[in-house]
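Reader: I would like to go through this model with you, starting with how the chains meet and then turning to the space inside. Could you take me through it?

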Amino acid sequence: MQVTALTMASLDLSSPEKYRAELTGLLKKSGTGLAVLPAYSALLLGVSTGAIPPAESFQKTFKDYIDRHLTWNDTYLELHEKIAREMGIYLAAGTVIEREKDLLYHTVYCFNPQGEPCLRQRQTHLTPFQLSIGLSRGEELPLFDLPPYKVGIIVDSDALHPETGRILGLQGADIVLHCGALSEGLNCWRQVAGMWSQVQQNQFWAVEAQLSGNLAGERFGAAPAVIGPCEITPGKSGYLQRGYPHTAEVTAELDEAARRELIRKYPLLKLLNWQAYSELYREES
Amino acid sequence: MALDGFIEKIYRRYMVWKCRPSRVAAHLDKSLPGERKVLLQDGRRKIRVAALQLKLKLLKSPLHFADEMHRQVRKAVDRQARLAVFPEYNSLPLLGMLPGFEKIEEGYRKKAAGSPNNGSKKGSEDENSLVDVFKYMSPAVQPLVDITFSRLAKAYGIYIMAGSYPLAYNGGLFNRSFLYGPGGQLIGSQDKVHLFIDEAKWDLKRGSSFSIYETAIGNLALPVCMDATYFETFRILEHKGAEIALLPIADMQEYNYWLALRGIWPRVQESLLYGVKGALVGTLAGLVFSGRAGIFAPLELTPQQDGVLAEVNTDSDEAITVAELDLDALQELRQNHPWRDTNQALYSRYFPALYRQD
């Protein structure tokens, strides 16, 4: 299967229609069956189209989005539902901030080729900034079926918390989609410490989308990538494809037979020694 | 391979006699300086550490082993290190004490020529033989290691993580690392908790917990090689208060930058610790060992923001590298970290149940 990681760089974001036309053009060209958009995508498109007025800072703009413009989510999600259906692909639609009861979550919706949501994944670990604006943590990491694969999603800074990948890996995830956003000021190593490291210790594939561009004064810039266990990637680098922050997308073909053969020979998760972890995770009495 | 015949028993007694502590101590004492006191800086808790990379060569005598370890410790001391870290399987050179081993080794080498090990190893018969050899040598190796590093630590007034050794206890073979203090005392040990797949096939026994040792230079932990493949190890160490993880490795594959990156480097990013890696390199019986000894830290504590404080520049030769660890800076980072969070509700939902499923 072909998979694609996007950055939103070089797309025309001035209107939802132009964005849709450019994104579908890009996806058609890539021939992908599964595409992933980065974190903060709803906010970026909202600000770019004028649906969310930019404030003096990213933090303030983010807060305004939460306080006054969550209705933009309906437009945003409907747009991506249509794109998934039109393209006949699975599409992880980047992130929105959603309100449920009185709680706010940073959430990815993934649509199937019929345009129906096949997974909703909330960010489970939050940064000090996200906590300061009142976001709550998700408490589940489910998978969905994309035959023959099982697929999970890791949202934003969850990539830096290895518990997320382990939970997905132990549930049998074959592919993990990552909607990420890293500040441009950080070098590449922060990114390597995230999904690349998660892949190597769980032996799944990862499709890593990273936000690129200026969002209300905050510059984001990390590279999109398709990652696999080192042993089955060119140069044993762990990267099937890796772009630059300004790259619009990277696409790669997953060799699932090679991954399964690797796991048969070198079953990392079978060599866990959970009896030694009791200090970390005790049974609920 | 059965090593329980009359000749083997006699030879083992001879090896144990040759490795007896009084003999090794007397030999070392001829070249050691007088006892030194460990030097600690006032104010900020800073510690200069050395990561050693040793090249495999067969040694015919336990005294040669003691001399070789002494030479390595002196290199660390010459660079003002207060802690030196040795590699995994640090007793492999002692296979040279076995009569005829060089010939056996040459045979293996020829057999392996043209088919270098790419992570895969020899047949199970050879592997089982190796386990038998480790068990056979264990009564000689343990006292030799103990007296050598105890003497060296005391003489130079430094801490030494002596590397790890396949040693027999209670009928099983464990891969165990040792830590010695500047008084020459054995501070503690650690059995490897996560086995490499071939070690599992060899029926090595796993450790069942991780220990932390509080010392004057910080809280030290001694996970072994493959333990650094799993984030759980470093999470536990961090929870238990470890500040520096001392990791011996003996990586049985041709060197590749990315393969080598998969161990201690990501672990110190996920769980905030310093990491010091001692590496064994070279070839033995057709097996290639590679690595790069190094000293690692969370990105925020490294000058290039790359997680590396120091790393040797060869993957196949003897080398040493040193760096200074700032334990106060580590504590400050832990208290004001830019992204760390925990989610007990999430963990309770999935752990430990997920680990238990097959």
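This is a predicted model: local features need pLDDT of at least 70, side-chain atom pairs count only at pLDDT 80 or more; totals for chains, interfaces and linings use all residues.

Reader: How much area do chain B and chain A bury between them?

Author: The contact involves 55 residues of chain B and 53 residues of chain A. Carbon and sulfur atoms account for 61% of the buried area, and the total is about 5300 Å².

Reader: Which residue of chain B forms a salt bridge with A:Glu231?

Author: The rule finds 7 salt bridges across the interface of chain B and chain A. In the one formed by A:Glu231, the closest N and O atoms are 2.8 Å apart, which is within the 4 Å cut-off, so the pair counts. The partner is B:Arg262.

Reader: And which element gives the largest share of the side of chain B that touches chain A?

Author: Several helices of chain B supply at least two residues each, including H7 (231-239), H9 (264-270) and H11 (344-350). By class, that side has 26 nonpolar, 15 polar and 14 charged residues. The largest share is 6 residues, and it comes from H11(B).

Reader: Turning to the cavities, which element gives the most to the lining of the largest cavity?

Author: This cavity has a volume of about 70 Å³. Its lining includes B:Leu54, B:Glu68, B:Met69 and B:Gln72. Strand S1 (46-55) and helix H3 (62-78) of chain B each supply at least two lining residues. With 3 residues, the most comes from H3(B).

Notes
Residues are numbered from 1 along each chain as its sequence is written. Chains are lettered from A and ligands numbered from 1 in the order in which they are written. Side-chain values use heavy atoms; hydrogens and water are left out. Contact means heavy atoms within 4.5 Å. Buried area is the accessible area (1.4 Å probe) that two parts lose on being put together, summed over both. A salt bridge is a side-chain nitrogen of Lys or Arg within 4 Å of a carboxyl oxygen of Asp or Glu. Helices (H or I, at least four residues) and strands (E, at least two) are DSSP runs, numbered from the N terminus. Ala, Val, Leu, Ile, Met, Phe, Trp, Tyr, Cys and Pro count as nonpolar, Asp, Glu, Lys and Arg as charged, and the others, Gly among them, as polar. On a 1 Å grid over the protein atoms alone, a cavity is a set of points where a 1.4 Å probe fits but cannot get out, and a pocket is an open set with protein on both sides within 12 Å along at least five of seven lines; lining residues have an atom within 4 Å of a point. Grid points are joined across faces, edges and corners, and a volume is the space filled by probe spheres set on the points.
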